[in-house]
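I set out below what I looked up in this structure. The entries follow the order in which I took up each topic.

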Amino acid sequence: MSTNGERRPALGGVRVPWSRRLCETWESSLTISFLRARGNPDPTKNVSPQFLRTSIGVRSTFLADIKRRVAKEIPMVHSRTGRLHSAVLLIASVAAMAGAAAQNDATPSTSPGREAGLAAWQQVYSVLTHPRCINCHTATNYPQQGDDRHRHLFNVVRGPGGKGVPGLNCATCHQQSNADSTGVPGAHNWHLAPLSMKWQDTNDKILPSAQVCQSLTDRSRNDNLDGSGILRHHQQEPLVLWAFQPGRRRDGSARSLPPLTHDQLVAATKTWVAAGMPCP
Amino acid sequence: METYKLTVNGQPKEVTVDPGTPLLWVLREELKMTGTKFGCGISACGACTVHVAGIATRSCVLPVSLVGDRPVITIEGIGQDPVGRAVQDAWVSEDVVQCGYCQSGQIMAAVALLKSIRKPTDTNIEQSMGGNLCRCGTYVRIRKAIQTASQKLA
């Protein structure tokens, strides 16, 4: 019995007021440690609900783990010496795990800065404005062809959905894959990008880097894609993949490739997105 | 050489050709269906137009290896379709044809247009038919015949 008559139950999952106060103290310290490890210099301010939920969630997990370990390894004790011993062990466990958590948290929280993001964007821009990509991101009623980006021959027009018109669809010639024997490129769902995603002006002149970046990041114009959506588009969209395997012309010559490989484009996009998609 | 099983005008066909052989030559030389014409070989003129899975397709640039199990309809079989029949009748009533070489492709493209837009405007007609060339210049009669067929189908 305590001096105030309060019952002092033992460890092992049973409520222990003295140890609980110790845990609560370490809860606060642990919260502060986590938040500082995540790059927040003043955890008492500018803490978003997401950060708090993340921190509390992790902290609770750690705390439960510590309690389980103490209950498993330290038998029920009633002596003051035993409780002190348990507390020291608890403190050591919490400190060790907080240190490990801070270490783990420090590594993934490093995001590329604006400069790195802008450099990555320039790499992405170099691909987007290559003929294999920009020939279908026009501002006009027609697509373009070839490395010289001339107007597509044969009176081909955009059509209401960017897939041509009845009787003269994109699919009239372009199949699900390249037709190297006849020189016609192909990929799944061959079509023009919508006018909202134009990267040229109406005179077929390529837009500056800043404008293309703004177009790409404007969710009212880019089919409501956020950063992860843009990354996924660069990773998986068949027409994007086609640009890196564009097939051969009728004379057997290979079409030119973008300045980056697909893997490099994805890596640059990741860096740019991680940096917050900065625009020049 | 590989063997391909095709469905042409509702009939099963089997051919053994090089995978890169354009469908146009499979139709003309292997299946002896010469209604579909060779005009340019580079999908520029439309004389080779057939329907593949309902889509007007330039058979001169479609390798037979990419046809798959999609049904193929040629000028020989388009009359089995109500829209195709209406277009053929309109072509006759409006006396569209001059030399006739491009007309197979013209009819196939017109049928694709009317199947998608039952009452096309002149702009619709010009855009959809703009890829089919006629050296005889029968464009005015072609447009009139499409309007006639459209009215008949209404």
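What percentage of the 280 residues in chain A do buried residues make up? I find 24%, where a residue counts as buried if 20 or more other C-beta atoms, placed from the backbone, lie within 10 Å of its own, as exposed if 12 or fewer do, and as partly exposed in between.

**Entry 1: basis.** I note that this is a predicted model, in which local features need pLDDT of at least 70, side-chain atom pairs count only at pLDDT 80 or more, and totals for chains, interfaces and linings use all residues. Residues are numbered from 1 along each chain as its sequence is written, and chains are lettered from A and ligands numbered from 1 in the order in which they are written.

**Entry 2: chain A.** I read nine helices and four strands in chain A; helices (H or I, at least four residues) and strands (E, at least two) are DSSP runs, numbered from the N terminus. Along the sequence the pattern is α-α-α-α-α-β-β-β-β-α-α-α-α. I then looked up contacts, meaning residues whose C-beta atoms, placed from the backbone, lie within 7 Å. In chain A, of the contacts between residues at least 6 apart in sequence, 62% join residues at least 24 apart.

**Entry 3: where the chains meet.** Chain B contributes 22 residues and chain A 19 residues to the contact.

**Entry 4: the cores.** A nonpolar core is a set of buried Ala, Val, Leu, Ile, Met, Phe, Trp, Tyr and Cys residues joined through C-beta atoms within 7 Å. The largest has 47 residues, and Val87(B), Met108(B) and Ala110(B) have the most contacts inside it. Helix 3 of chain B gives the most to this core, eight residues. Beyond its neighbours within four places in sequence, Val87(B) touches Ile107(B), Ala110(B), Val111(B), Leu114(B) and Ala149(B). I also found a second, separate core of 18 residues, among them Ala120(A), Trp199(A), Cys213(A) and Val273(A).

**Entry 5: a helix pair.** Helix 3 and helix 4 of chain B pack at about 135°, with axes 10 Å apart; axes are lines fitted to C-alpha atoms over the stretch in contact, and angles run from 0 to 180 degrees between N-to-C directions. Helix 3 and helix 4 of chain B are therefore oblique to each other, since angles under 35 degrees count as roughly parallel, over 145 as roughly antiparallel, 65 to 115 as roughly perpendicular and the rest as oblique. Ala109(B), Ala110(B) and Leu113(B) of helix 3 meet Asn124(B), Ile125(B), Ser128(B) and Met129(B) of helix 4.

Conventions:
Contact = placed C-beta atoms within 7 Å.
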